[in-house]
Amino acid sequence: MSITAAGFMVFFILSVMTYYIVPARFRWGYLLVLSFVYIYSVSVFGGLFIIFTSLTTYLSARLIERNDNHKKAFLITGMVLAIAVLVILKYVLGMSIFNENVMFLGTEYSYSLFMKNFIVPAGLSYYTLQVVSYMLDVYWGRIEAEKNYFKVLLFTSYFPQMVQGPISKYSELAPELFKEHRLDWHNIKYGIQLMLWGLFKKLVVADRVGTYVGQIFTDNPDTPYGATVWLGFIAYGIQLYLDFSGGIDIIRGVSQCFGITMKENFRQPYFSLSLGEFWRRWHISLGQWMKDYVFYPVSISRGMGKVKKGLKKFMPRKRANQICVGIADIIVFVFVGVWHGLGTNYLAWGLYNGIILAVSAILVDEYAKWKKGLKIKDNSKGYWIFSLIRTLFIITLGWVFDCTTSMKDAFVMLYNSVRFDLTDFACIELQHWDFFILPISIALVLLVDILHEKKISIRDWLSTKNYWVQVLVWVALIQAIACFVSVSFAGGFMYANF
């Protein structure tokens, strides 16, 4: 059940209405019931894997806390069991050898459809990272192990985040889930407004742009060349950002209606002035998770210590430290790439981003010298524009690994992207309405992002206006969604595939 579907909207409305009828102290338990209703609607047997993972996580954390002498063994066991479910369901059973049709209850399904509808639980990649962070936090003594299993189960299965995150720590999400939530019309109002904005970004803009991305990269009988490739990369970047951020807005809006505040997952990433800043603004929760549970542990690991010690024999301490930071960056992004999928294109994506960040870390002092020699000031308008364009180019070029299915295809696409003599836009069939809808809707999203970049909250600003002005704005947004939804491309979320 997609969170943009009419069925989900009915489920959401009924859930909120009944949620506040339940006595306050039992509401987190009711959220657990609602979560499993949603999980069952997505995958018939998927909830069984969530129960298994949450139970092993709960037991492992309790044993870690009670047994100092063997807590590392309990940690490893719990992590292996959690990750094993992810690896088997997402990677092993996703291999091409498992592509035969499946008969189930007298009906024949394609293998992928059978796995999606009956086996693979919603949010598998996301909740796995959450339970791993929970066990590690207990192991490191950052939090106490939860004594109530059903609270761990809700942390694992809270339904709004099952689609595409955000990825929360137990210390962040648990206080929100288990506090007594009172009916607050301000939360309902702001939550619905955020949902509407997310629906606009997803259904009106992202899905409409997606039709043209598909025409260029999927439906095109001839390989795209030159400017057509670059137009496809730019359109894909717009589609992915609005699809993902729109979904997160819907999720955060749903949660706010329940009185639950979820962390921000985007912070205007296309205004970034470096690749590192971009990834700190894009999918913030995943980046923070990787920083806390991969980058720092790798950086202070015994193995990295040996590498650093060896490097110091041949170079200054500072340069050795920079190289080790670069190595950690590469490891993190390779890990992120593999987390997205097993295709060689994802591995190449990780190496592409990791190597660029590693080089930046190693040459940071040289960059400072070059800027000083060229008399470039960091706070100058010209350097700001240069940094913005440079970052957008690096990011846009990197989308090649998302628009292809293998590393080989990605390099072929890169070669084709410079063959401007073969540019052909014939594959793109632009609808008449889209001449009007796309420029205005993208400009509206850009305007809102600019205001957010300036720390101006649209909802707070509107709340100070006349009641009928507020009504007019939000009714107009509802009408835009109803009238301009891209029916031809409407579907699930792109990050749900990860």
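A disulfide is a pair of cysteine sulfur atoms within 2.5 Å. This is a predicted model, in which local features need pLDDT of at least 70 and side-chain atom pairs count only at pLDDT 80 or more, while totals for chains, interfaces and linings use all residues. Residues are numbered from 1 along each chain as its sequence is written, and side-chain values use heavy atoms, with hydrogens and water left out.

Reader: How many disulfides does a search of the whole structure find?
Author: Let's start with Cys403, whose closest cysteine sulfur is in Cys427. The two sulfurs are 13 Å apart, which is too far for a bond. Over the whole structure, the number of disulfides found is 0.

Reader: Is Cys403 buried or exposed?
Author: Good one to check next. Buried means under 20% relative accessible area, exposed over 50%, and partly exposed in between (1.4 Å probe, protein chains only). Because its relative accessibility is 17%, Cys403 counts as buried.

Reader: What is the relative accessible area of Cys257?
Author: Here is another cysteine for your list. Cys257 is buried, and its relative accessible area is 1%.
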